[in-house]
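This briefing is meant for a reader who is meeting the structure for the first time. Please look over the sequence and the model before going on to the topics below.

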Amino acid sequence: MTEQLATLIEKGKDLQILRQITTATHSPHANADIRPEDSVSNAGSHDGSRLSTCSRASSKSSIRSSASAKSNTAARKAILKAEAAALERLYAIQEEELHLQQRKRQLELQTSIAKANAEERVYAAAQAEAMNNLYTVNDVEDVSQQEVTFS
């Protein structure tokens, strides 16, 4: 029972971590470092003197975007791993529950068999006692019908 409680507590912790990761990756501030001027559509709107500055900003943005995508992918992978671990623990709990149900059913059947055996013994004892009483009554009747002679 303590093992099952510990397993359920661990499962709860994993689900909390999973929620935190999901919230962090889907929050509106996750991509706060990407600005409108970093957009590819703004690349041609700058004059030639600012082209290298824009190119550097675009390059930094691309690196940030790539890093952000990698961190999002890593977060999704961590979420999937946490879900898989939680699922394995759930399967283990379900397997334990099944074994307990089987043991319970087996005990119920054994109890029913023991009751039937006890009932059978009681009936057999009652029948033997009835037969014994019948013989005793017949023996008394036989003796009372005989002539008793004293010598």
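This is a predicted model: local features need pLDDT of at least 70, side-chain atom pairs count only at pLDDT 80 or more; totals for chains, interfaces and linings use all residues.

**Chain and surface**
- The chain has 151 residues, of which 7% count as buried, a class that takes in residues under 20% relative accessible area.
- Its accessible surface comes to about 12600 Å², and carbon and sulfur atoms account for 58% of that area.

**The annotated span**
- The unreviewed UniProt entry places a feature named "coiled-coil region" at residues 77-104.

**The salt bridge**
- The structure holds 1 salt bridge, in which the side chains of Arg 105 and Glu 108 meet at 3.5 Å, N to O.
- Arg 105 and Glu 108 are separated by about one helical turn, because they are 3 residues apart in helix α2, which covers residues 51-145.
- Side chains of opposite charge can pair when their charged atoms come close.
- Arg 105 counts as partly exposed because its relative accessibility is 47%, and Glu 108 likewise counts as partly exposed, at 37% relative accessibility.

Conventions
Residues are numbered from 1 along each chain as its sequence is written. Side-chain values use heavy atoms; hydrogens and water are left out. UniProt positions are given in the numbering used here, feature names are shortened, and annotations may be inferred rather than shown by experiment. A salt bridge is a side-chain nitrogen of Lys or Arg within 4 Å of a carboxyl oxygen of Asp or Glu. Helices (H or I, at least four residues) and strands (E, at least two) are DSSP runs, numbered from the N terminus. Buried means under 20% relative accessible area, exposed over 50%, partly exposed in between (1.4 Å probe, protein chains only). Accessible areas come from the Shrake-Rupley method with a 1.4 Å probe; for residues, only the protein chains shown count as cover.
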